[in-house]
Structures are given as C-alpha cells and as structure tokens.
Amino acid sequence: MSWAQIAIDGLALGAAYALVALGFVLILNAAGAVNFAQGDLVMAGGFAAIALASALPLDALPVPGLVLAPLVALAGGGAGWIVAEVAYRPLRHRPPVAVFIATIAVGIMLQHGANGIFGAAERRTPPLVSGDAVVVGGVTLSLQSLAIVATAAIVILLLHRLLERTQLGRRLRAAAEDPEMARAIGIPVRRLTALAFALGAGLAALAGLLLANVYFVTPTAGLAFMLKAYIAVTIGGWGSLRGAVIGAFLVALFEVAAGRLFSASLADALLYAALLLALLFKPEGLFGEAAGRRA
Amino acid sequence: MKTVLFLAALAALHAAAAARAQDRFHLPLLVPITGALALEGQSERDGALLALDPPTAAGDAARPLRPSHAVFDTGSNPQLAVQAFERAMAAEIRPRAMLGPIDGNSMLALLPLAEREKVALLSVSGTARLTELGNAHIFRFFPSDVVVKAAQARYAVQELQRRKIALVYQNTAYGQSGNEQLGRWIESLGAAVVYRNSVPVTTKEMSGVIAQVRDSGADAVLLQLHSGSSALFLKQAARAGLALPIVGGSALHQPSTAALLEPAELKGVCAETASAPAADPGLAGFARIFRERMKSEPDAFALAAFDAVNAALAAARMPGPLAESLAKIRHPGLAMTYESDGKGNMAHDAIIVCYDGASRTPRIAKRYARPHEAARR
Amino acid sequence: MSGRARIAAARAAPLSLAAAAAVALLAAGAGAYELRLLAIAGCYALAVLGYQFIFGRVGALSLAQGAFFGLGAYASALLALKLGWDFARSFPAAIALAVALAAVVGATVLRLASHYFALATLAVAELMHILVIEWVSLTGGGNGLPNVPGFVLFGWAVPRGWPVTAFVWAFAALGIALAANYSRSLYGDGARLLRAEPLAAAAAGIDAAGRRLAAFLLSAAFGAAGGALYVHTLGVVSPEAMQFDVMVLILCMAVIGGRNAVAGAIVGALLLVHLPEWFRALEGWRYLAYGAGLLLVIVAAPEGIAGAVEALWRRRLGNTAAPSGRTLVPDAAVPAARAAPFAEDRAILAVQGLAIAFGGNRALAGVTLFVRPGEILGLIGPNGSGKTTLLNLLSGFHRPDAGRIFLDGRDATRDPAWRRARAGIARSFQHGALAGDLTALDNVALAAYGIRARAADVFRLPGRDAKRRRARDAALSALAKAGAAGAAHTMGADLAPAERRRVELARALVAEPRVILLDEPAAGLSDAEKAALRSALREIAARGIAIVVVDHGMPFLIPLASRVVCLDAGRVIAAGAPADVIADPEVRRAYLGAGAVL
C-alpha cells in the first residue's frame, strides 16, 4: 500500500474531523465555553440521519445522502440552539467550568437517548453518492471519501465567507470578541451566541452523517470524536479556525501514518506522546495565541 | 380416624405450601445495557426475557414456576455490576440464580459474591478465566474461548489448509482473551502466527493494519474484534482488495454486523459462534418468535441466554440447591445440549458460519462437537 | 457571636449537615447494598477532595485525576497480588508511586496555560490507560486481575459489611481533616488569592509554581488513596478504573458538590454515586434522567451545592462587618522594619535602559530611572505611555527585552515576581486585587513578612496555628497604619473601593517592603479620602520606604511626590521636581497632543 493511498485515506478522515473541530472552535469563540457535547452531537447527527433515512424513500435516489445532508444539518442546528438556551444561557455569567459541566450533562443525555431509542448496535447512514470506488493510478478512491472531502471543503469555504464577508459574520465575531461592547452598539448578542451554537452543532451533525457511512456510528462514539477535536484545536492554536482545520488534518494523517508503521494500539499511544512533546516545545500551537509561560 | 385425617390434612397443607414456594422463582438479569458491551448485553437480556415470558398458550401447565424477573444495568463496569448484584439480592424473593453480564471483568467481580451468597450465576461470557478459579456457582452457557477459538483455529488450519496466520484482535478483554487462546491453538495445530495487531475500539482507519497483513505474507486472517471494528476491517479489506480468507470471532456472525456491510464485502468471510439463530433453519421457529417480540434479529448470545434461563428453570424444579442441580443437569437447549464438565462449562460445541457473498445471511459451514478435545488428540 | 466565628460557623454548617446525613444513612439499618454504595462514595470522596486542591483552589483544570485514582488502584492491587503485601504497606506505596509520577508530570507541564495543561494531563492519563491495557503480563490487560484481597492489616482482615464501609470513611475523614487544614490556613489563604488574582499573589510573595506543584502532588496522593481503597473494596482490578469516564465523574462530583468547599466533595461524591441508583426503575433510560438531573443541578447551583448552601447561610447571617472586640496591637509587637536608614543618595531601586515590546507594539523603548529610600516618585504620562507596563516589569510579571533592574544594588532582572516580592518590592493594583472570599484581615495576613506558609502546614494538628496568629497580628497592625482597621473582618468582595485600596496598601505594608509600587491609588476616592491617603503615604515614606506612584490626578500627585518622572511612548521625557516637570513644554505637548487634561 503506497503512501499516496495513506494520504488519501487520511484526507477523508481529516475532512470529517475538521468539521467537528470547526464547530468546536465556533462555540468556543462565541461563548468562551468548551462544548464537551461536540462529539455526542456528531453521534446524534449520525442517528438523526438514520432516523430520517428510514422515514424517507431514499433508495430510489442516486444521491441519497445529499438530500439528507441539509436536513441533518438543520436538525443539528436546532439541537445547538436548544443547547445554547438550556446549557449556556443560564450560566453565561458564571465560571466557565459550569458550562463545561452542563455540556457534559447534555452529552450524557444525547448518548443515552440514542442508546434507548436506537439500541447499541453500530449503524450506518446512507452514502452521499451511491457508487463504487474508482481506481486512479494505483490508488483506490472511494466515492464516499471523495464526497466527504468535497462536502467538507464546500462547507468550510461557505463558513469562511459567512464569517469574513457578510454582515452577519462580522456581527458574530464582534459579539464573540467583546460581548459588552457589542451589546452596547445594538448587536443582539444572545441571539448570535445561540446562532454560533447552532452553527457548531450543525457542523457536528453534518460530520456525523458523513462519518457514519464510512465508519459507522454507535451511541458511545461521541467521546472519541470529542477527544480528536480537542487535540486538533489545541495543536492548531486555541481559538483559531484555520488552526482547527489544519490540526484536524494533522491528527488524521498522523493516525493513518502511525497505523501503517506500528500496531494500532501503539499508534494511539504515539498520538498522545507526540501531543505531549508538542505541548512541551510549542505550547501555543501553530496559529494560536501566545499561551506560553506563566508570570 | 381423626388423627389420620388430621395428619393427612397437615401433609396436604405442607405439600401445597412447598409447591407454592417452588412456584415463585425470581431471576434478576444483570446485563450491560449501556457502555462498551451494550450490544451484546441487550441481546442477552432479550433472549432471557423471551425465556421468562414465552408466548405459549399452554404455558401454565408446562410452567409450574411463575418466574419473576428484574433487569439491572451493569454498565459494562465491574463496580456497577457489584452494585447491581447487591441490589438484586435485596429483592422480596431471595434469588437462587442470576443471569450475569457478558463482560468478563464484571463476571470476575461477581464470582466471589455469588459463591458467598450461594447464588448460581448464569453466564454467556466466553472469557476462559471464569471457570478456572474453582468457583462452584458459575454456569457458563456459551462455549468458553477455549472451545470456540479451537473451532476457529481448526477451521482455518485444517479445513482451509492455511499455515501462516495473521491475528487481528481488539485491545479489550474480549480481544486479548481470544488472542491468547487462538495463538495456542494455531501453534498446537502446526501452523504459525506470522502477524499480530492489537486494535483499539476507536480505530477508524484500518488501512495500516491491512497493509501490514499483506506485508507479513499471511495466507489467512483471524479476527477477534467487536462488531464495529469487524465491519470496518471487512469493508476496508474489500476495498483494498485483500483476497485472503477471513475467519472471525462471534461478532462476525451477529446480524447487526452483517447489516453494516454489502453482501459482496462478506464474500469468503466465516465466523465462529455457538449458534446462528438467524441463519440456522433448525432454529427458524425461535428466530421468528424473537423477531416478533423483540423487533430485532437474534444472535448466539440471545439464544444462549434463552437456553440458560430455561436450564435454570428446569434445575429450579429439582430438589436441593440450584447450583448442585445445575451441575448435574443435562439440558437439551435449542442451540445445543448443555452439561457441566465439573468446572461450570455447560456448552462444548461450536459452529462455523460462512457468507457466500450474495446475501447477508450466512450458512452453516461446519459443526464442531467438542473441538477443544478433538484438537488435542 | 463575633464576626469571624460567624464566618467559621457558616463554613462549617454545610459540612456538619453532610456528615450528619452520612451518619444517618449508615445508621438507618443499611443493608449490604447501601453499605456498598457508601463505601464506593467514600473512595470517590477522597479522589474529589484531592481534585479540589488542583482544580478548586489553584484553579488548574487537570484531567489526570482519574488516572491517579486508577494508578492507586493498580498499584495497591498488584502489590497485594504479586508480592503479597498487606494494605498497611501497599496503601502508602501506592500513594508514593502516584506522587512520584505527579512530580515528574507536574515539573514539566504545570507551567503550561490552562487548556494546554488540561490537554497535557489528558495525554498522560490516556497513555497510562493504554499502558495498563497493553502490559498484559503485569496487569492482566483488558481482563484485569481477579481476587484482589480485602483490607488486610498486619494479618487481620477487616470483616465484610459495615466495618469495610467504616474503614473507607475513616480514611475519608482523615482526608477531610487534611483538606480542612489546608483551607483554614495561611497556606490555603494564599491559594485563594492565587486563584482570584494571580498577579497580586505573585506580588505578595506567593510562589505560584511551587503552589501549583504542591497542589498537584496532593491531588495525586488523595486520588491514589481513593483508588487503593476502591480496588480492595471491589475485589478486582481492571482498566475500567483507569478510563476517562472516571475522570469525568470526579470532575462532575467536584463541580456539582462545590469545588472549593470540603463539604462539597462529600456531597458531590455521595450524590453522583447514588443518583443513577435512584433512577434504576427507569432501566435503560436511567442515565438520560441522570444527565437531566446533572443539568438541573448545575443550572440551579452553578457554584455547586455547597456554594449555594454557603450563599444562603451568608444571606441569613447578614453582612459580617461587625468587628471583633480585639484591641489593636501596638507597634512594638511588630518587628523592626527592614528599611533601616540608608545613605540618602543611594538608590534602592534603579532601572537601566528597560525596553519591552508586545507583538508589534513597543511599550517601553529604553527607560532609565531610580528611586531612593524614603522618596516618593510620581510617574506620569499620557495614556499608553507605558506607565503600567513599567510597573509590571518592576513587579516582575514580564521579562524585559532589554535593560536591567537593580534592587538595592543587586541585579534582579531575572528574578520572578514572587522572589522580588520577598526581596522587598510590593505592589498594588488599579482594581484592588483582593480575594473576594477572604476577609480583609486574611487578605493582608497572607503577605506577612517572614511568615512563610508551606505545603507541610496541611499536616499540622488542627487548632494549633501559630503561624496564622502571628500573621494576623502583623496584618492588624498594617491595617491600622493604612487606616483600614475597621474593615478587618469584612469579606473582600464586600469592601468599598476606597477601603479596598487601603487594604491593598496594608497588604503591601505587612510585607515590610523597601519599595511600594502604587497603580492609581487615588482613583475613585473623595477629596477627603485622597488627603488621608496622602498623609498615610507620607508617613510610610518617612520610615524609609520608597514609593512609586502612578496616578492621573495631578492635584493628588504633585503635592505628594518628591520627584516626578514623565513617560511618553515608552521613553522618559522629563524628570525632576514636580513643579518643574509639569511646566516642561515637552510634557505639555505629550499631554495636549494626546488630548489629556493637565
């Protein structure tokens, strides 16, 4: 198996991780809160897709997942809005750790809600595009993996345009950077924060739909995604959107490459060891704030 | 005359009371409904529930015991399992038996308690260790790893004539226990393990493992993975064009695993299991009733639990302590006939099922009666 | 009841309630099931108590507490199973091992900022989890090891049932006593300030890095103790004791219970062990109810249950501003000031060519000045000229890019803030950097000169705290000098702004400094208060202490300062007598150009 193949395999995984990490950073910047339920929102998105798929006549369509995608993203957005109102808003003036615990509670509810409704079996979502893999120059490209990369790229671009080029995006950023000032000049901070949560959760749900076709989904899958997103965001630079995406790809590539060279358990351990080394030598990450040493 | 009548009445009353006491049988079900082994635990629970509440009209006559039950989630965690046990012991009717959780760690924690409280623990866990500790209160109704791994190894080495085996196992209790047994059996059968890899449950990309398997020059792959990892491996192996025969653990027989894959991805894949209720024509009746009642496909764990509960009910009708009855009983279950080997292992047979690549339902390729004893010869 | 006693009662009440509840549960004819839950809760309570040191008091989010718990479990179990050690030996050995690991980890990662520290501890925890799973020959791997013996002490086995539960809670009680010792000591007060105002704590001589390390080691010790007790109660050791879920559980217990109250650890542990059990009737849905319950509790009581109870009590008891009947300690009881008479012209603090840039912004571009003992130096300049930056450099919060700082002739440029504080530089802050949950008296006492609180104080016998008494005596005297003796027993959060400044000044004084750096001491004060502050400062200077004052109010500063230095854009543009400096055309241009009013 060539390294080109490894790169391609890592790309799809990285694209999905990137969506999760982006959602995580959006909420982090908007609310100053670590959303521990981010991974569980991914899982919930996957199950929402499964539920929707059984309700709609999708088999006839050549692009079943494509129809589901906006629905799932919307459902995720709705869930994010609820999380913002229930877990963040009552605690927004409290120490951040209270929100952290609230999101942990939300994650527990999502996980066990899924376990109760769907059972514990691994499930898969319909693919974005039906079809077999193509082989190009000795490298096998599964259509679904290509679709994941393409979807993630489009979403990231759209998000970038939203945040950088639109009025709404500017207001979102203003509300995140200085809520008091933003409120003073008439920006509806509360609604925009909820919107950030909705965006973050929508991204997670979309990632869930994409991931669950290739890698399947089970109620306990949330924690692993959460950890990966947390790692990606930290090495990319805490709070940096660009860093989150790049961090996600780095994590995925490392996973795949280490898995090629070593046993899978060792690859896991190496990821954490590499993380420790990175933190000790470059704690501010690739793009992040100067965290550095204490006074 | 009056004395005789009086004595007769007394005797009748006593018999009636004894019969009534025998009538009440409470069986707590300690199963993991949440956590890492929730899939198998839910299956276990469903099989037991079916046995405790069978849909037969002629029920009452055939079931003088009116069993009651309670379900306790053990969360795939020994601490919670022990808490569940103690809570179950506090029931109104003191349990004489309990169905234990499928995860070996929790069972190991429960064994001393069961011994102390004189409660028979019915188990569907394959962890070999459980019956090696000299505990007189465990009764395992699923063949031990020693048995099923012997079947798995024998099929690969003797049936498929493979000599260089790649072993891919989960880094959990289930995987490590199976890995240990598989390694011993493969070597004792004259083949060699040329590759080993320990895979965490969270691993998503198996391309590295598959590439390493190829590089190792193995001519067959033996899997000891849980449902999700098994499906991921098969799917990605098919995509990578790995044309080696794959013989997997019981996770590969579970209908929920096959549901994740396209039939073509299952071509040439076999699995060991105690039984295959969804595929075995001889178990069609059970499968049909299970599907109707539980709204899901039955697997070997469900059937093993079903058989275990029925065996316990049968033993409960015998006089004397339940554990002694179970140690003596020869119970004709649906999957196989169960009989203790003196250490608590009740199941000694295994089967191999194979997928033909055209459907998600496998067919039974080979039946092994006591493969762990035959292989030693 | 005196004010302080009332505060003590308020803090003890929740603890007593929790203890009483636990006892009541035990006494209520508990069966094996209830006893089991109580024993498990006791093990977790110890782990949570330990977690409160690093997470609650120091405020660092460590994600390794579950791993220390698991390490204690594995260590004690393995020593018992492989070497046949009884609990009397395996228990301290397990704790020692965890502390050793914490020392290695802490030395390397504690300096990282919050979320990086969290991630580093997470990485360590996950590595340990993988280690116990993969090292099959030692730990039994995923299957773990069965038949871990119960509590055996010198050949005697603790009998099953309530003796085991009592045994576990005996250790928990010991943990409670140690944790209470910590929080009611000078050392614990220092930690409160460190959490609330890290810079001020450094400026008060508290070695933050040392504190954090001590807290981390304590957390590891308690965590391992909980784990060791857990594994002998359970009878098996397996990787579930080391997985991340344990960490999440401990974290939830700490926050839900109240992460700064000793009682909070007990309440949190008891509640979160019992809550899923109470919902057992819901079978598969019980964890959904558990999650909903967690959410409800945290929204209703974001400071934790203990925090909410304490807030209720404080509202009931009213403002504890009533002073105690203590008489003021006469000056003679306070040791002679360090600032012995100097040769007047020798600078106590001198700065040469100090420069620093933040990002692209050159905050200071080469500043040279000096202060003599007994001198009051005014530091003026328009906004953004670098006044506060200069003070921060003098305090030691940043290292300059260029230049040097001399304290009494010694090059102190490389000294961290806390060392400069102990060498004689004191500091006050614009917003009045006090710990809100300490009284003014305790806020001042923690900086008392020569009275060093140490981590070992945790292990003292309760009731004998001579250190704290001495420190409080010195604090009372300092408060009197700063004119704030009446506010001694008011909580920091309840002080009026003017009082806050004076309490800060007292904290600076009690450290017996040679130099005091004051940042906007007169802001928000009335004219009368300003006058009082001026005369207080003159008295202080008269005792040989040098004072550097930054203030925007010229009417306040000019009559006060003996010399004035003016900064603009990071440089000194004028220095000399106050009247001369403000008449200087450069100075006028700098101010008028920047739009400020002279």
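Two residues are in contact if their C-beta atoms, placed from the backbone, lie within 7 Å. By this criterion, in this predicted model, 37 residues of chain A are in contact with 36 residues of chain C. The points below describe the side of chain A that touches chain C, and then the fold of chain A itself.

**The side of chain A that touches chain C**

- Three helices of chain A, namely α4 (96–118), α9 (222–236) and α11 (264–281), each supply at least two residues of the side that touches chain C.
- The most is given by α4(A), with 13 residues.
- By residue type, the side of chain A that touches chain C divides into 26 nonpolar, 7 polar and 4 charged residues.

**Secondary structure of chain A**

- Chain A contains 11 helices and 2 strands.
- Along the sequence, these elements follow the pattern α-α-α-α-β-β-α-α-α-α-α-α-α.

**Overall dimensions of chain A**

- The radius of gyration of chain A is 19 Å, which agrees with a compact globule, because a globule of 295 residues would have a value near 19 Å.
- Taken along the principal axes, the box filled by the C-alpha atoms of chain A is roughly 60 × 50 × 40 Å.

**Burial and contacts within chain A**

- Among the 295 residues of chain A, 59% count as buried.
- Of the contacts in chain A with a separation of 6 or more, 77% are accounted for by residues 24 or more positions apart.

Technical notes. Residues are numbered from 1 along each chain as its sequence is written. Chains are lettered from A and ligands numbered from 1 in the order in which they are written. This is a predicted model: local features need pLDDT of at least 70, side-chain atom pairs count only at pLDDT 80 or more; totals for chains, interfaces and linings use all residues. Helices (H or I, at least four residues) and strands (E, at least two) are DSSP runs, numbered from the N terminus. Ala, Val, Leu, Ile, Met, Phe, Trp, Tyr, Cys and Pro count as nonpolar, Asp, Glu, Lys and Arg as charged, and the others, Gly among them, as polar. The radius of gyration is taken over C-alpha atoms; the globule rule is 2.2 Å times the number of residues to the power 0.38. A residue is buried if 20 or more other C-beta atoms lie within 10 Å of its own, exposed if 12 or fewer, and partly exposed in between; C-beta atoms are placed from the backbone.
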